[in-house]
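This briefing sets out computed features of a single protein chain. Please keep the sequence and the model in view while reading.

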Amino acid sequence: MNSLTEAKRQPTDWQGPAMQKRIARRYAAERRFKAMGFGAIFLSAGFLAFLLVVMVGNGFRGFTQTELPLVIDFPAATGGVSPSEFEGPNGNANLQALGLRDIVNSSIEIQYGADGIELFSPGGWTTVSAMILADPKIVEQKVTFDLPVTSDIDVAYKDSGNAEAEAKVAKYSDQFSTGFNWNFLSNSDATDPMQVGIWGAFKGSLITMIVTLLLAFPIGVLTALYLEEYAPTNRLTDLIEVSINNLAAVPSIIFGLLGLAVFLNFFGMPRSGALVGGLTLALMTMPVIVISGRNAVKAVPPSIREAALGIGASPLQVVFHHVLPLALPGILTGTIIGMARALGETAPLLMIGMRAFIATPPSGITDPATVLPVQIFLWSDEVDRGFVEKTSAAIIVLLLFLLMMNALAIYLRNRFETRW
């Protein structure tokens, strides 16, 4: 028995060939695992870089527009008008009474011939209108305006288009210029891709996100605090917890159907309004906030609660003066992540009618509105090639919006984070 025990206690021969082979296989497996990890990272980074390069390459042209110069002799065209007529709130009405659009079209025919109207965007005269309203003294001068061309010519000048458009580009190639498309940042949806803009959709997204945050954040945080700090452990709370976890995994279109049935059909709220969109997205975002809030509250050490109770704080003061401030960074991070998911949603908003043609930015929560993802979806379905680059440009704006929200989450987390 002793000899057997002594044999079992023999020291391992670390320098033996068998052990060396096992060690070599172990190191080789570790190197393969590291190589696969680095390969996965590089592959993901490559796909992301490819997406960004393609998107930025296509979308950058959406922020520019092709222009042609147009000389308008206002004194000769109008017979002499006073700049004071275009000052104040009646300026736009006086411009329409003056027949500014006809003046612009006449100037185009004088400079480019009878076919010149086909060169310029149908809404290009609004650029002249905006400049007159900004500086009414223009109507006393002979001024050269850079007006946007039609969508076909813009596409042909930037890339390639149909034969007719390329012939026009070749004919006036020395007069074309490219300028920044300010209309894309200040206008709303339009039928002409040279006049479309993302401001209406951006404002709609902003109002919808504000409604979503004001509803989902306080209810979600209070629910998390109650379930984690006050609710007893029984079958009812277990059922609530399971329901919240299941709601967080429900497809977003189901919330759209719920919003359609409850908010529109039952309560009769205005269709396509930011209020209904915010309510629908709040239902979708709330479970995410509750789950992240519970995890953040649970991460607060019990010693914080015990110390607060030991110095005489009430249970309510313990929660709101000690636990909640310490859990706030995690709660805010989860909230921003949930809001970022809501910002990119399209399906639930399509179900409640936020896919309408909105040519005027919303001024309130009940006005008809659309959001950036829906606007991108609508533009991507257009036949005109001019909408392709506008779609990519709108995606860039949406990505920047998401980047700003994530940056805000990082800032708030670092601002309120407390180490213990």
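This is a predicted model: local features need pLDDT of at least 70, side-chain atom pairs count only at pLDDT 80 or more; totals for chains, interfaces and linings use all residues.

Residues are numbered from 1 along each chain as its sequence is written, and side-chain values use heavy atoms, with hydrogens and water left out.

**Overall architecture**

- The chain contains 18 helices and three strands; helices (H or I, at least four residues) and strands (E, at least two) are DSSP runs, numbered from the N terminus.
- The radius of gyration of the chain is 32 Å, whereas a compact globule of 420 residues would have a value near 22 Å. The radius is taken over C-alpha atoms, and the globule rule is 2.2 Å times the number of residues to the power 0.38.
- Along the principal axes, the C-alpha atoms fill a box of roughly 120 × 65 × 40 Å.
- Among contacts (heavy atoms within 4.5 Å) between residues at least 6 apart in sequence, 77% join residues at least 24 apart.

**Surface and charge**

- Of the 420 residues, 42% count as buried; buried means under 20% relative accessible area, exposed over 50%, and partly exposed in between (1.4 Å probe, protein chains only).
- The accessible surface of the chain is about 23000 Å², and carbon and sulfur atoms account for 63% of this area. Accessible areas come from the Shrake-Rupley method with a 1.4 Å probe; for residues, only the protein chains shown count as cover.
- The chain carries 29 positive and 34 negative charges, whose mean positions are 21 Å apart. Lys and Arg count as positive and Asp and Glu as negative, while His and the chain ends are not counted; the place of a charge is NZ of Lys, CZ of Arg, CG of Asp or CD of Glu.

**Aromatic pairs**

- A search of the whole structure finds 12 aromatic pairs. Rings of Phe, Tyr and Trp (its six-membered ring) pair if their centres lie within 6.5 Å; planes under 30 degrees apart count as stacked, over 60 as edge-to-face and the rest as tilted.
- One of these pairs is formed by Tyr 112 and Tyr 172, which are edge-to-face at 5.4 Å centre to centre, with 70° between the planes.
- Tyr 112 lies in helix 5 (residues 100-112) and Tyr 172 in the loop between helix 8 (163-171) and strand 3 (177-180), so this pair ties together parts that are 60 residues apart in sequence.
- Tyr 112 is buried at 8% relative accessibility, and Tyr 172 is buried at 11%.
- The rings of Trp 199 and Phe 202 are stacked, because their centres are 6.1 Å apart and their planes are at 25°.
- Both Trp 199 and Phe 202 belong to helix 10 (residues 199-230), three residues apart, or about one turn of the helix. Trp 199 is partly exposed at 35%, as is Phe 202 at 22%.
- Phe 63, Phe 184, Trp 379 and Phe 387 form one aromatic cluster.

**Thr 208**

- Thr 208 also lies in helix 10 and is buried, with a relative accessibility of 0%.
- Beyond residues up to four places away in sequence, Thr 208 touches Ala 274, Gly 277, Gly 278, Leu 281, Met 354 and Val 371.

**Met 351**

- Met 351 is found in helix 16 (residues 347-351) and is partly exposed at 26% relative accessibility.
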